[in-house]
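Hello,

Here is the structure I promised to pass on to you.

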Amino acid sequence: MRVRSILAVLVAGMLLAAGVASAQDTTTEPLSDYTTTTPTVTTPPETPAAGVGGEEESNSGSNAPAVASQPAGSAPSSLAFTGADPLLLIALGLGVAGGATVLLVRDRRRSNTQR
Amino acid sequence: MNAEPAPRAPGARRRAWRALLIAALAAGTLLAADGILTIVWQEPVTAYMQHRRQTDLQRDLARLDARYAQTGAPATAVAPAASADSAAGELRRRTRRSALSLLHARDAGQALGRLEIPAIGLKTVMVESTTGGALRRGPGHYRGTVLPGLDGTVGIAGHRTTYGAPFRHVDELRAGSRIMLRMPYGSFTYRVTGSRITTPDDASSLRSRAGTQRLVLTACHPLYSAAKRIVVSARLVSEAPRA
């Protein structure tokens, strides 16, 4: 009976996690109508650099403005932190679940021997 | 009389102990499941939180759109006899004015525009600033970089595994991939020119270069780590001022 209860809790936990996951929808409805725009002003497309790693671009435009809109030195000094470490979560979760399982089994055995 | 409570106390303790163990087992299983989901999909709890915040941001952006539609709309068009060049120049000037007006008008975490990258199925509302709180709401615009329509570099950062993971597949972008920024004052299309891996303190890619209108997307790299940063660069190929 207790094993069934444990299994039920486990299944409920998994279903909860799956439910939260499936509730997500990464697509969102468009907010506003951008279809009524004025005639498109198109700049001549540049030939893209060759694949990944070819990021550096030449900026030799003879008609380029002398000063960019961004003041020199105002750019950020570092790139934003946007990461996470799920492996830590997994290790922590498995550790807690494994430890709890071992203690539960030991407790069950002890109660059986006492009977 | 006194013998009856004695067996109950150990039984109650044992029940409490087992309940605690079962709770720990459930919590551990949930944690592990969360980590596995983060690897195969994205972190579900923060994704749910970000999804709700995006709903708020859509309303915020709708208000901003409406405001620009009323006050920031271009005046009547250039005289019909004017050349196409002067008309285009006028449109560019209006776009520049609108971009400048928006550049310092938004607080951290407020909606700024819509970011769309068809190649990785991304369609989301981006916000002002790249603080931790702002990035929990959506991709954030680096303060100190320009907005679309201005000469210089537009910098945007986004999460890769948590809070909706908008930039999870940013490493799959290849040269030529389209990136659209739909601002309240117009739509801007960029083409990816390349990407590179760098250190977190190397922000050189965000510096503006005179005469160019670039877009730079940054995210942590590799996936599940924050050791480095991936930087995707793109160049403006077209702009459509909003009517």
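What percentage of the 243 residues of chain B count as buried? The figure is 49%. Please keep in mind that this is a predicted model, so a word on confidence comes next.

For the complex, the predictor gives an ipTM of 0.74 and a pTM of 0.70. Chain B has a mean pLDDT of 88, with 90% of its residues at 70 or more. One stretch to treat with care is residues 73–79 of chain B, where the pLDDT is below 50. Beyond near neighbours in sequence, that stretch has six contacts in the model.

Now to the fold of chain B. You will find four helices and eight strands in chain B. Read from the N terminus, the order of these elements is α-α-α-β-β-α-β-β-β-β-β-β. As for contacts in chain B between residues at least 6 apart in sequence, 62% of them join residues at least 24 apart.

Is B:Arg174 buried or partly exposed? B:Arg174 counts as partly exposed because it has 14 C-beta neighbours inside 10 Å, while a buried residue would need 20 or more.

Conventions: Residues are numbered from 1 along each chain as its sequence is written. Chains are lettered from A and ligands numbered from 1 in the order in which they are written. This is a predicted model: local features need pLDDT of at least 70, side-chain atom pairs count only at pLDDT 80 or more; totals for chains, interfaces and linings use all residues. Helices (H or I, at least four residues) and strands (E, at least two) are DSSP runs, numbered from the N terminus. A residue is buried if 20 or more other C-beta atoms lie within 10 Å of its own, exposed if 12 or fewer, and partly exposed in between; C-beta atoms are placed from the backbone. Two residues are in contact if their C-beta atoms, placed from the backbone, lie within 7 Å. pLDDT is the predictor's confidence in each residue, from 0 to 100.
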